[in-house]
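Here is a short briefing to read alongside the sequence and the 3D view. Keep both open as you go through the points below.

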Amino acid sequence: MRESPASGKYHLKSVVSNQLLDSREMLRSLMLAGSWLLLWRLAVLMEYAPHASIWFPSAGLSFAAFLILGLRAVPIVMLCSLIATFWVDDLYAMHQTWTQLAYTGVLFGAAHCFSYYCGAKLLKQLVRRSFSDALPKIILSFLILGSLSALLAALLGTQVLAGSGLIEQQEAASIWLPWWIGDMAGTIVLTPLFIGLLSWRYPLIEGWLGGLDFQQSGQGLYGFLVKLLISSSLLTLTMLLAAQFRYSEVSFAVFFLIIPQMWIVYTESAFRASLSLAVFSTLTAVWVASLSLMDYALVYQFAICVISASAYFGLAVPVLAAHNAQLRELALSDGLTKVASRQYFFERAEQELLRARRYQQPISLLVFDIDHFKQINDQFGHTAGDSALVLVAEAIGKGLRQSDLLGRFGGDEFLLLLPGIDLDKASETAERLRQALRGVKVADTRHFLSGSFGVVQIERHEDFQDAFERADECLLKAKKAGRDQVFSSRPAEQR
């Protein structure tokens, strides 16, 4: 059976598309591998043993890659570990055989991948079970699992180097702690930045940090650069003072630099905050190496970890504030019509009633609903019914004062509180609103709305619930009288 020209063209496009995807994936893999090796060489600034540094940024890239790519990142990181092992032999002129180097590289890569893949896998599972308002819990989980992954990588890594003969067993026992601090600094400080960068290269990945956007921001770049310059200048000044006086107490001044970092966190995007921490960490490593401050390197790395952890919790503050605002809006307003919710209306009504009695002012209550609302739902559907409720809320809201309170009791029934208004004026308001409703047409239909109103003035010693029941009785009378009417009830002493 011959293939049609159209199907042939479709097949050709599919092949070309797959080839483009494969080439892009290959390019991304090469970029990831190149970045990992570049960061590995940058770690030489604070290196003290093969594959071991008090500042190891490659750990952060590995953790981020496993979070985003999962098992797809394993071959890339394994290859980088193998290349790094051969590179170490060349740099230190160890003259080991290629079989020994391959064996060491594979074991080192396996230890590195196992440690950070397990931590990333567990973190992703925890995040998937969390909600977006659990951001502090997610950040705490990241800090704990990132630190534990770095600890496992340090313990396994030192044993690999000792077992392969690159270092002595006694040396392995003495370097696991600095190794851990270096990997932990790279993981905690740099992982969020690499997540932002990898998210840009892989835009379809799952948003694993709920409520936190690590996408790059293009606004206010000048202001961010000024803040970054101030932070970097203060760090440089602190390091120069430490190099000049050589007192351990001076090196602890770096902890005060949490202030400019938190300034950046609270005024910039999450990506820029992460970028600022990365610059802070890298500049620290550069000055430690340049000013011969290795005796105080652990102090600086602990400071970086503490400042970064504080900064990430700081990132959660605006997200939590936004969530609280959303929860408050849900509690105070009706989700569909955006008028006051039933609970909030009754709470505000009690407050307004107390205020009216304190200043001896009248206060009135309107209860109204849409005539034949069930028929609207049955004839035009619930979407039309919802649209009608929204239109009613908008039409009524336009004719109210700022002090008036409009709420939805439930279904198609609404409440309207009129502070400072007596029964006569309240009845006039109800009649005006009734006329306004008659001009409202249900969307995509020829049906015009109408409403029935019950109006009462709340008596001086009357409970609000009793006033509501009186207004509801008036509404019932208006409906029995033929609907599209206003019925009122006067206070007892005026009858």
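**Aromatic pairs and helix details**

F252 has a relative accessible area of 42%, so this residue counts as partly exposed. Please keep in mind that the model is predicted.

**Aromatic pairs**

- Across the whole structure, a search turns up 16 aromatic pairs.
- One of them joins F252 and F255 in a stacked arrangement, with 6.2 Å centre to centre and 15° between the planes.
- The planes count as stacked because 15° falls under the cut-off of 30 degrees.
- F255, the partner of F252, is also partly exposed, with a relative accessibility of 29%.
- F346 and F468 form an edge-to-face pair, at 5.8 Å centre to centre and with 70° between the planes.
- This pair links distant parts of the chain: F346 belongs to helix α12 (residues 342–358) and F468 to helix α16 (residues 464–480), 122 residues apart.
- F346 is buried, because its relative accessibility of 17% is under the 20% cut-off.
- F468 is buried as well, with a relative accessibility of 7%.
- Ring pairs also build a cluster, whose members are F345, F346, F409, F464 and F468.

**An arginine over two rings**

- Which ring has the charged end of R41 at 5.0 Å from its centre? That ring belongs to W40, and the charged end sits over it.
- The charged end of R41 also sits over the ring of W87, 5.5 Å from the centre of that ring.

- T104 lies in helix α4, which covers residues 98–128.
- Is T104 buried or exposed? Its relative accessibility is 1%, so T104 counts as buried.
- Leaving aside residues up to four places away in sequence, T104 touches T85, V160, L161, S164 and L166.
- Among these contacts, V160, L161 and S164 fall within the range of helix α5 (residues 135–164).

**Helix α5 and the residue after it**

- Helix α5 runs over residues 135–164 and has 30 residues.
- At 1.5 Å a residue, helix α5 should span 44 Å, and its end C-alpha atoms are 42 Å apart, so the two values agree.
- Just after α5 comes G165, which takes a positive phi of about 90°.

Definitions and conventions: Residues numbered from 1 in each chain as written. Predicted model: local features only at pLDDT ≥ 70, side-chain atom pairs only at ≥ 80, totals over all residues. Heavy atoms only, no water. Phe/Tyr/Trp six-rings, centres within 6.5 Å; stacked < 30°, edge-to-face > 60°. Buried < 20%, exposed > 50% of the residue type's maximum accessible area, 1.4 Å probe, protein only. Helix = DSSP H or I, 4+ residues; strand = E, 2+ residues; numbered from the N terminus. Lys NZ or Arg CZ within 6 Å of the ring centre and 35° of its normal. Contact = heavy atoms within 4.5 Å. Expected span 1.5 Å × (residues − 1).
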